[in-house]
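Dear colleague,

Please find the structure below, for your records. A summary of the findings follows it.

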Amino acid sequence: MAVSIHLRKLTRRFDRGPAALDEVSLDIRPGEFLALLGPSGCGKTTLLRLIAGFEAPSAGSLAFGDRIVASESAFVQPEARNVAIVFQSYALWPHMSVGENVGYPLRVKGVRGSAQAQKVAEALAAVDLSGFENRRPADLSGGQRQRVALARCLAMEPGIVLLDEPLANLDVHLRASMEETFRAFHRRTGATLVYVTHDQAEAMALADRIAVMERGRILQLSTPETLYAEPASEAVARFVGHGHVADADLLLSPGDGRARVRLFGVEADIRCPAGLRLPSGRRGRVCLRAEDLEIDRADGFAARVLSSTFKGSHSRLVVEPLAAPGTRLSLHAPSGRAEGESVRIGIRDGWLLPDTVGDAQPAPRKSLAVEAV
Ligand SMILES: Nc1ncnc2c1ncn2[C@@H]1O[C@H](COP(=O)(O)OP(=O)(O)OP(=O)(O)O)[C@@H](O)[C@H]1O
Ligand SMILES: [Mg+2]
């Protein structure tokens, strides 16, 4: 049975340094697939360990449904939480066969004999490993080992499954095929899934919602689509989807979710939060993605082609706006261009980053647009 997870100002401090998890409040819905995305050290594993009960919070509370599992006055032991964890290192017992590994949590629950064998066979079938019962983990590929770890999870029938970078040790091709395995796994268990990754493409492909973390806090929690189209801050824009961030003059924003800006010497209409009304004369920053830019538009800004790479269906160009030397923007073009060629680039769309809107007439600032890699 899937359960909801509720964090209230959940905090974990270690001896020194800032809090590893800093007053995080978060509601995860029953059966939701939530991804935690963020750079190394931002607190992802700490959050999972708190949910699993391997760590106790320094402050705040944690509840599954309406049952408090950790607070100042309560602490439910990990084995009583019905939470399963899958690590990047698989954590299979090397001396046990695949069947024994998958059957272990059942044995602990007192399920034995043919009932156990049947559940093991079902779990292995679900991850496409029927007939692997007698193999040893050492005789399996990395992807197969990870599927055994998932099968062990399935056999437990947990309400909550925590996955800590489960694909980090696998090569790119295997990762893509494992994504489908995870989706099927989620459908099958119906469990509430919290999936840690620092690969944003993986998070986008799998999750219902993504929480972007930085320094022990959640910067933004939203669907992959919203996160990509409407990052709440410059930090999120740079982290997600390779967004370029460029300085712009704000000319008009009447409150209807559109803003007129001047960018690289031309005017453009972009998106901004609905209700945002600004007097002209302010500056702000705009998130521009490759698909927001269009080559050969007469009303576009002048730029020079730095590189052109054939990608099959299109060419990927990197250009430098003449108005902002040092800035690199990438975009897709139907055909390749010569290096050094002069082009005009139209701005089809963009997103005004709400946290960057400054006061009227700030000190002139050099454009800091960079390409996130
Ligand atoms: N047992 C511990 N003792 C002291 N500090 C710790 C401990 N565990 C984690 N930390 C610190 O807490 C912070 C968050 O660590 P955490 O492991 O949660 O990061 P993460 O987001 O999982 O990073 P990564 O992507 O590298 O796995 C880090 O600064 C880390 O050094
Ligand atoms: Mg970690």
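A backbone N or O atom of Gly 43 lies 3.0 Å from an oxygen atom of ligand 1, a polar contact in the sense of a pair of N or O atoms within 3.5 Å (within protein, one must be able to donate a hydrogen and the other to accept it, and residues adjacent in sequence count only if both atoms are side-chain atoms). This is a predicted model, in which local features need pLDDT of at least 70 and side-chain atom pairs count only at pLDDT 80 or more, while totals for chains, interfaces and linings use all residues. Residues are numbered from 1 along each chain as its sequence is written, chains are lettered from A and ligands numbered from 1 in the order in which they are written, and side-chain values use heavy atoms, with hydrogens and water left out.

For Cys 42, a backbone N or O atom is 3.2 Å from an oxygen atom of ligand 1. Thr 46 places an N or O atom of its side chain 2.6 Å from an oxygen atom of ligand 1. The protein buries 55% of the 640 Å² that ligand 1 exposes when taken alone (Shrake-Rupley method, 1.4 Å probe).

The domain assignment, which is automatic or from a database, gives domain 1 (5-234) and domain 2 (238-356). Their centres, taken over C-alpha atoms, are 38 Å apart. The contact (heavy atoms within 4.5 Å) takes 14 residues from domain 1 and 16 residues from domain 2.

Between them, the two domains bury about 1300 Å², 54% of it on carbon and sulfur atoms; this is the accessible area (1.4 Å probe) lost on being put together, summed over both parts. In domain 1, Gln 200, Tyr 228 and Glu 234 lose the most area to domain 2.

Two salt bridges are found across the interface of domain 1 and domain 2 (a side-chain nitrogen of Lys or Arg within 4 Å of a carboxyl oxygen of Asp or Glu). Glu 234 forms a salt bridge with Arg 238, with the closest N and O atoms 2.8 Å apart.
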